Amino acid sequence: MITHIGTAMFYVSDQEESLRFYRDILGFSVVTDQDMGGGARWLEVAPPGGSTTIALHDAAADGKLPGDGAYLTFACDDVARTVDELRAKGAQVTDPDEQPWGTFAFVEGPDGHRVQIHRK
């Protein structure tokens, strides 16, 4: 099942500017900087020794406004097994999606909140 909060998504207007702030000013490390195709970029930073990361995601790419709320991703050991367990409990969960940067699925929560479960 879920082991910890893996990633909080911050929607930003400029990934490079945000990277400079978190890396150069706050001292975070770059955890992932991956081309996602189609001009999209997956960029994650974390505080030194931290297990929770912040994904600095291009707001315009998702139709969001910079500063829109954090989007939570929960880390898990086995996405497929967790999807099965959550479905067995009545949750609405997407099928696992395997990508070069990891495997993930989305879980629909109350009030339309959608969280992600993820394994790198």
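Reader: What share of the 120 residues in the protein is buried?
Author: Buried residues make up 37% of the 120. Buried means under 20% relative accessible area, exposed over 50%, and partly exposed in between (1.4 Å probe, protein chains only).

Reader: Where does this model come from, and how are residues numbered?
Author: It is a predicted model: local features need pLDDT of at least 70, side-chain atom pairs count only at pLDDT 80 or more, and totals for chains, interfaces and linings use all residues. Residues are numbered from 1 along each chain as its sequence is written, and side-chain values use heavy atoms, with hydrogens and water left out.

Reader: OK. How many helices and strands are there?
Author: The protein has 2 helices and 8 strands. Helices (H or I, at least four residues) and strands (E, at least two) are DSSP runs, numbered from the N terminus. From that end, the elements run β-α-β-β-β-β-α-β-β-β.

Reader: In what order do the strands sit in the sheet?
Author: The order is β2-β3-β4-β1-β5-β8-β7-β6, in an open sheet with mixed pairing. Two strands pair if DSSP finds at least two bridges between them.

Reader: Which strands stand at the edges?
Author: β2 (29-37) and β6 (97-99) do. Each has a single partner strand, so one side of each is left without a neighbour in the sheet.

Reader: By how many degrees are neighbouring strands turned?
Author: On average 25° against each other, direction ignored. Axes are lines fitted to C-alpha atoms, for helices over the stretch in contact, and angles run from 0 to 180 degrees between N-to-C directions.

Reader: What does helix α2 touch?
Author: Helix α2 (residues 79-88) packs on the sheet and touches β5, β7 (102-108) and β8 (114-119). Its direction makes about 145° with that of β8. Contact means heavy atoms within 4.5 Å.

Reader: And β1 with β4, parallel or antiparallel?
Author: Parallel, with 6 bridges joining β1 (residues 2-12) to β4. Thr7 stands opposite Thr53 in β4.

Reader: New topic. Where is Ala59?
Author: Ala59 is in the loop between β4 (53-58) and β5 (71-76).

Reader: Is Ala59 buried or exposed?
Author: Buried, with a relative accessible area of 1%.

Reader: Which residues does Ala59 touch?
Author: Tyr11, Val12, Lys64, Leu65 and Pro66, not counting residues up to four places away in sequence. Ser13 is 46 residues from Ala59 along the chain, yet their C-alpha atoms are separated by 5.8 Å.

Reader: Now charges. How many salt bridges does the structure hold?
Author: It holds 7. A salt bridge is a side-chain nitrogen of Lys or Arg within 4 Å of a carboxyl oxygen of Asp or Glu. Side chains of opposite charge can pair when their charged atoms come close.

Reader: Which residue pairs with Glu16?
Author: Arg41, with the closest N and O atoms 2.6 Å apart. This pair links distant parts of the chain: Glu16 in helix α1 (residues 15-25) and Arg41 in strand β3 (residues 40-46), 25 residues apart. Glu16, Asp33 and Arg41 are linked in a network of salt bridges. Glu16 is partly exposed, at 35% relative accessibility.

Reader: How far apart are Arg81 and Glu85 along helix α2?
Author: They are 4 residues apart, so about one helical turn separates them. Their salt bridge has its closest N and O atoms 3.2 Å apart. Arg81 is partly exposed at 41%, and Glu85 is partly exposed at 26%.
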